[in-house]
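I opened this notebook to record, entry by entry, what I looked up in the structure.

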Amino acid sequence: QTAKQYIGVRYDFGAKPYANSGTFDCSSFTQHVYGKYGIDLPRLSRSQGKVGKAVSRSNLRKGDLLFFYLPGRYKSNKIIGHVGIYMGNGDMIHSSNKPKDGVQITSINKAFWKNTYLSARRVID
């Protein structure tokens with residue numbers, strides 16, 4: 001519910017803190033939302049991919065962090081380039097510039113996200 005309050009907030013790669021910029025990139029969004037609950041996440045999605053405990057895609061729960069690679073961003077498709085928050089029912093909320101610009105809800109079963117999925121982490125119990 002907290003994350004949904006930000007639907008439509010503009011995406012800006014490398015966004016400064018929301019209080020200053022009024023924008024998010026994927027990892028500043030997750031950092032901001034979890035920070036509301038006293039959970040201190042690192043700034044970068046690659047670093048966020050190391051916190052909490054690993055969860056299989058078949059055992060996802062609301063609030064789990066989902067990690068993806070972005071084709072062409074890094075030399076390897078094993079490097080995390082995007083993070084979202086699992087909402088249940090196959091949906092995630094995330095900040096992205098596509099298909100819309102900004103915080104949005106997307107199915108993780110859409111071909112792009114299904115094909116670029118890397119891992120999930122549980123940072124809350």
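I count a salt bridge where a side-chain nitrogen of Lys or Arg lies within 4 Å of a carboxyl oxygen of Asp or Glu. The model is a predicted one, in which local features need pLDDT of at least 70 and side-chain atom pairs count only at pLDDT 80 or more, while totals for chains, interfaces and linings use all residues. Residues are numbered from 1 along each chain as its sequence is written, and side-chain values use heavy atoms, with hydrogens and water left out.

I took helices (H or I, at least four residues) and strands (E, at least two) as DSSP runs, numbered from the N terminus. For accessibility I used relative accessible area with a 1.4 Å probe and protein chains only: buried is under 20%, exposed over 50%, and partly exposed in between. Arg43 is therefore partly exposed at 27%, whereas Asp25, at 5%, counts as buried.

In the salt bridge between Asp64 and Arg122 the side chains meet at 2.8 Å, N to O. Asp64 lies in the loop between β1 (53-55) and β2, and Arg122 in strand β6, so the pair ties together parts that are 58 residues apart in sequence. Both Asp64 and Arg122 are buried.

**Entry 2, strand β2.** Which residues cover the two faces of strand β2 (residues 65-68)? I found Leu65 and Phe67 on one side and Leu66 and Phe68 on the other, all of them buried. In a regular strand the side chains alternate between the two faces of the sheet. I call two strands paired if DSSP finds at least two bridges between them. β2 pairs with strand β3 (residues 82-88) in the antiparallel sense over 4 bridges, and the partner of Leu66 in β3 is Gly84. β2 also pairs with strand β6 (residues 117-122), antiparallel and over 4 bridges, with Phe67 opposite Ser119.

Leaving aside residues up to four places away in sequence, Gly102 has contacts (heavy atoms within 4.5 Å) with Val9, Arg10, Tyr11, His94, Ser95 and Ser96. The C-alpha atoms of Gly102 and Val9 are separated by 5.1 Å, although the two residues are 93 residues apart along the chain.
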